[in-house]
Amino acid sequence: MLLWSLLIILDWLTLLTPASVFEGDSVVLTCQRKGDWKVKTMTYYKDGKVLQFSNKASSFPIPSAVLSDSGNYHCTATGRKYFQKTDISAIVNIEVQELFLQPVLTVSPSWPTEGTPVTLTCKTQLSPQRSYVQLRFRFFRDGRAQGSGGSSSPELQIPAMWREDSGSYWCKAETVTQSVRKWSLQSPIHVQSIPVSNATLETQAPGGQVIEGRTLVLLCSVAEGSGNITFSWHREAAGTSLGRKTQPSLQAELEIAAVRERDAGQYYCRADNGHGAIWSKMVTVPVRIPASRPVLTLRAPGAQAAVGDVLELRCEAQRGSSPILYRFYHENVTLGNSSAPFGGGASFNLSLMEEHSGNFSCEADNGLGPQRSAAVPLSVSGTGGYRRNLVTVSLLGGLFGVLGFVAVALFYHCSHKISGGSSVTDALRDASGPNPQESPHSSPLPATEELQPVYANVDPVEADVVYSQVWSIQLAEGSANTRRTFLEIQDSQVVYCDVKKTTLGAIRKKGQQQGRNSTKAAYQT
């Protein structure tokens with residue numbers, strides 16, 4: 001029997017491949033035959049090199065395609081039906097495409113300083129045909145993973161970088177199935193240090209004033225400085241540190257919960273980050289003291305306050321920063337106020353009346369909250385201040401008795417000489433005759449007629465005072481039975497005095513009555 005084999009290149013075999021292949025894809029190459037002839041062997045080739053040989057029909061799998069799987073593929077098969085033959089498929093080029101670009105690590109800021117935040121970004125880009133693929137990212141420093149495992153975010157936020165964080169960094173991007181992984185190039189990161197500078201100390205208090213018993217905050221800050229900064233606070237008088245804090249911040253504060261008067265003084269702070277310490281300027285901290293509850297003291301001339309007495313109200317707060325304003329009250333009605341610019345107490349004088357009986361109080365206020373004293377009661381007697389001295393009252397009664405005689409003498413008190421041209425003389429002439437230009441002998445008076453006094457007020461403002469004119473009658477020569485009035489127009493002198501309108505009888509009666517009442521009241525006390 002003649003056995004022979006033929007190598008026939010016909011379109012009996014076809015190599016089946018995907019239309020497109022990306023990194024990580026699972027690819028299966030299939031060598032498909034036509035007809036029903038029996039295959040004895042099948043071989044797959046890449047770039048002319050055998051990939052797989054099989055004694056039966058089979059396929060060639062690529063579990064996870066990589067870029068190196070790109071190339072020219074074909075297959076061959078041998079078999080017989082009526083005779084033995086070998087078939088070769090056409091060559092198919094397979095190009096494996098990148099699923100995403102190799103990541104690039106970026107650092108922002110590129111030259112970080114101690115204590116500043118840093119952002120690491122793993123930049124890459126998916127193929128537009130596979131934009132739906134999910135990626136995960138991880139970051140590394142000197143071979144150690146940073147952060148907590150992989151993340152879907154391509155960024156890693158580092159709140160603060162320190163000198164010990166310096167090193168070589170890179171990142172990795174991979175698919176969720178981890179079929180494709182790519183690493184960035186390594187990037188060195190050097191964290192720089194900045195010395196502290198320009199330290200300042202500030203005080204913070206409620207309302208802007210440091211008040212005894214309230215909170216005081218001492219804030220120490222620096223303009224520049226990297227890394228952990230150690231802050232400390234000092235008082236000049238004490239010399240020792242009041243407190244210390246180390247933190248990665250440009251400022252720190254020390255709180256004094258309840259300020260005392262002894263805390264007043266000069267303060268400063270110190271800052272150091274290991275590159276040289278600096279000190280702030282001195283800051284004077286005054287402590288204001290609220291006024292304490294004042295004490296009100298009432299001082300009257302005698303043991304019993306009476307109408308007409310001058311009452312002294314003395315208000316004083318034992319503690320409190322000056323100036324202090326004192327207000328005085330009677331039954332919560334303001335009487336007046338008085339200031340103590342240098343501290344201490346203040347007084348207020350009050351002329352008593354019967355309605356001043358009741359409770360008195362005072363208030364001290366230095367701008368830090370008013371303080372009211374306790375109420376002090378006072379009873380005002382209505383008999384007046386005359387009852388205290390019985391001897392004085394008796395003497396006054398006697399004096400009022402003799403005022404009648406004194407009133408007569410008052411007619412000649414403050415006598416004035418006024419020349420003939422005065423207004424009083426003119427008034428006299430008008431009153432003594434119908435025509436003052438006539439001869440002084442032209443107006444005879446009857447022997448039985450009484451001369452009437454002439455009054456002329458020279459000071460009309462004093463409504464309680466009138467003036468009486470005193471003038472004389474002379475007898476003319478050669479007329480023994482005739483009386484005439486002589487007005488010496490050129491050389492005449494008018495004498496007058498001022499008296500109260502109240503009658504002498506009324507004055508004497510009033511004095512006697514007051515004397516009896518005062519004497520009676522004095523015996524009763």
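User: Why is Arg 270 called partly exposed?

Analyst: In this predicted model, Arg 270 has a relative accessible area of 22%. Buried means under 20% and exposed means over 50%, so Arg 270, at 22%, falls in between and is partly exposed.

User: What makes the contact between Asp 272 and Arg 270 a salt bridge?

Analyst: The N to O distance between the two side chains is 3.9 Å. The cut-off is within 4 Å, so the pair counts as a salt bridge.

User: How do you know that Glu 23 and Lys 182 form a salt bridge?

Analyst: Their closest N and O atoms are 3.0 Å apart.

User: Which parts of the chain does the pair of Glu 23 and Lys 182 tie together?

Analyst: Glu 23 lies in the loop between strand S3 and strand S4, and Lys 182 in strand S18, so the pair ties together parts that are 159 residues apart in sequence.

User: Why do Glu 23 and Lys 182 count as buried?

Analyst: Glu 23 has 9% relative accessibility, and Lys 182 has 10%. Both values are under 20%, so both residues are buried.

User: What makes Asp 365 buried but Arg 327 partly exposed?

Analyst: Asp 365 is at 18% relative accessibility, which is under 20%, so it is buried. Arg 327 is at 25%, between 20% and 50%, so it is partly exposed.

User: How do you know that Asp 365 and Arg 327 meet in a salt bridge?

Analyst: The N to O distance is 3.6 Å, and this is within 4 Å, so the pair qualifies. Asp 365 and Arg 327 also belong to a network of salt bridges with Glu 363 and Arg 372.

Technical notes: Residues are numbered from 1 along each chain as its sequence is written. This is a predicted model: local features need pLDDT of at least 70, side-chain atom pairs count only at pLDDT 80 or more; totals for chains, interfaces and linings use all residues. Side-chain values use heavy atoms; hydrogens and water are left out. Helices (H or I, at least four residues) and strands (E, at least two) are DSSP runs, numbered from the N terminus. Buried means under 20% relative accessible area, exposed over 50%, partly exposed in between (1.4 Å probe, protein chains only).
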